[in-house]
Amino acid sequence: MEVSSGLGPRPGSSALNREKHDDNEGISIENLELETSANDFRSNHHFHSMSALDILRETVWILRFNSTGFMAIVAVLICPVSAVLLSNVLVDQSIVKRLSFRLLLVAKSSGLPLKPFIKQSCHRLAEMVVSVAMCFPLFVTLSLLSKAAVVYSVDCTYSRKKFDYSKFYVIIGKIWKRIVFTYLWGCVIMSGCLTLFLVLLVVVSCVFLIMGFPSDLILYPAMVVGLIFSIIFANAIIICNTAIVISVLEDVSGPQALLRSSSLIKGQTQVGLMIFLGSTIGMAFVEGLFEHRVKTLSYGDGSSRIWEGPLLVVMYSFVVMIDSMMSTVFYFSCKSYRLESADAEKEPVLEAMAIGSGSTEIQ
């Protein structure tokens with residue numbers, strides 16, 4: 001896919017395949033014009049892989065084209081989840097302390113020195129696990145619905161259409177089960193990666209402890225294991241995010257969507273890692289601001305919390321939305337790069353569902 005001054009059609013676009021449904025549904029003059037312009041664009045441009053910066057530029061153009069729909073998604077679906085996540089209102093700190101204490105015991109028995117870095121890492125890990133467990137109902141409902149809505153909006157934008165709430169309601173009812181199924185499989189994979197990391201970390205630390213290394217030196221191989229795990233975990237998140245996009249746009253789910261995702265991003269992993277790194281830095285920055293400016297009273301009388309809290313929630317929600325949009329554009333970029341010929345294209349599942357529901361209503 002090549003970035004231009006305007007929006008280019010995505011591969012498999014409904015505008016490119018509208019002629020397949022001439023016998024079932026009439027085509028308006030406006031749709032014919034869109035089809036002609038899309039075919040002209042396709043004949044004059046070659047799709048190439050996009051860099052992370054190109055994907056960000058494309059995302060900005062998409063946001064400008066359909067800003068109303070995306071802002072509605074942020075306000076209704078993403079902001080409530082962001083407010084709960086940033087405030088940790090559902091997190092029981094007593095559970096966090098107990099889990100953090102158990103992790104410290106495991107670290108100490110493995111020979112790791114109980115330095116402030118280790119203590120802080122155990123506390124952050126315990127807080128993250130408890131937060132994910134307590135907020136899981138929000139993740140599997142509002143958060144997942146927001147991801148599907150973002151994917152649908154990007155798909156509509158590439159088709160030169162506005163976000164249609166009624167059509168999205170019909171579509172999400174048909175594909176919701178496979179989105180949830182794919183998300184649950186992604187959770188299993190990420191949980192497995194985290195468990196494998198902890199086991200491997202304990203094993204490596206115990207091995208060096210048995211060999212007689214001092215605890216200060218055991219910290220270095222543990223850091224190497226942590227660095228390797230970070231790369232693997234980042235790749236797993238990229239695969240899972242792309243699998244969610246695939247489960248929305250294609251008729252696959254669960255393990256098939258994950259396998260399709262891992263196959264699709266081959267050769268584009270570096271771009272995915274850059275997107276993940278940028279999004280992670282942005283979210284961590286806003287989380288740090290919220291921790292310092294809202295949750296911790298380190299200045300004044302705290303009256304600024306009234307406006308700083310909601311502002312940071314909106315900022316965090318916006319970063320989350322941009323991350324979902326870039327994941328969707330990344331999917332289209334990878335798919336365009338791997339597309340061998342126009343004859344291999346198929347009608348998008350979303351458009352087929354919408355047409356099918358429309359014909360049913362007419363009958």
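Me: What percentage of the 363 residues in the protein do buried residues make up?

Reply: The model is a predicted one. Within this protein of 363 residues, buried residues make up 44%. The accessible surface comes to about 18,800 Å², and 66% of that surface belongs to carbon and sulfur atoms.

Me: How many helices and how many strands does the secondary structure of the protein come to?

Reply: There are 13 helices and zero strands. Read along the sequence, the pattern is therefore α-α-α-α-α-α-α-α-α-α-α-α-α. As for contacts with a separation of 6 or more, residues 24 or more positions apart account for 81% of them.

Me: Which residues does UniProt list for "transmembrane region"?

Reply: The unreviewed UniProt entry lists residues 70-91, 125-145, 183-210, 217-249, 269-290 and 311-332 under that name. Two of these spans may be examined in the model. Residues 70-91 are 82% helix and 0% strand, with end C-alpha atoms 29 Å apart. Residues 183-210 are 100% helix and 0% strand, and their end C-alpha atoms lie 41 Å apart.

Me: How is a pair of aromatic rings described?

Reply: Such a pair is described by the distance of the centres and the angle of the planes. In this structure the count comes to eight aromatic pairs. One of them joins Phe 197 and Phe 229, with 4.2 Å from centre to centre and 20 degrees between the planes. This pair is stacked because its angle falls under 30 degrees.

Me: Where in the chain do Phe 197 and Phe 229 lie?

Reply: Phe 197 belongs to helix H8 (residues 165-210) and Phe 229 to helix H9 (residues 215-249). The two are 32 residues apart, and their pair links distant parts of the chain.

Me: Is Phe 197 buried or exposed?

Reply: Phe 197 has a relative accessible area of 15%, which is under 20%, so the residue counts as buried. Phe 229 is likewise buried, at 15% relative accessibility.

Me: Why is the pair of Phe 208 and Phe 213 edge-to-face?

Reply: The ring centres of Phe 208 and Phe 213 are 5.2 Å apart and their planes stand at 70 degrees; because that angle is over 60, the pair is edge-to-face. Phe 208 is partly exposed at 25% relative accessibility, and Phe 213 is partly exposed at 32%.

Me: Which residues form one aromatic cluster?

Reply: Tyr 158, Tyr 331 and Phe 332 form one such cluster.

Me: Which residue lies over the face of Trp 61?

Reply: Arg 64 lies over that face, at 4.8 Å from the ring centre of Trp 61.

Key:
Residues numbered from 1 in each chain as written. Predicted model: local features only at pLDDT ≥ 70, side-chain atom pairs only at ≥ 80, totals over all residues. Heavy atoms only, no water. Phe/Tyr/Trp six-rings, centres within 6.5 Å; stacked < 30°, edge-to-face > 60°. Helix = DSSP H or I, 4+ residues; strand = E, 2+ residues; numbered from the N terminus. Buried < 20%, exposed > 50% of the residue type's maximum accessible area, 1.4 Å probe, protein only. Lys NZ or Arg CZ within 6 Å of the ring centre and 35° of its normal. Contact = heavy atoms within 4.5 Å. Areas by Shrake-Rupley, 256 points an atom, 1.4 Å probe, with all protein chains shown as cover. UniProt positions renumbered as here; feature names shortened; annotations may be inferred.
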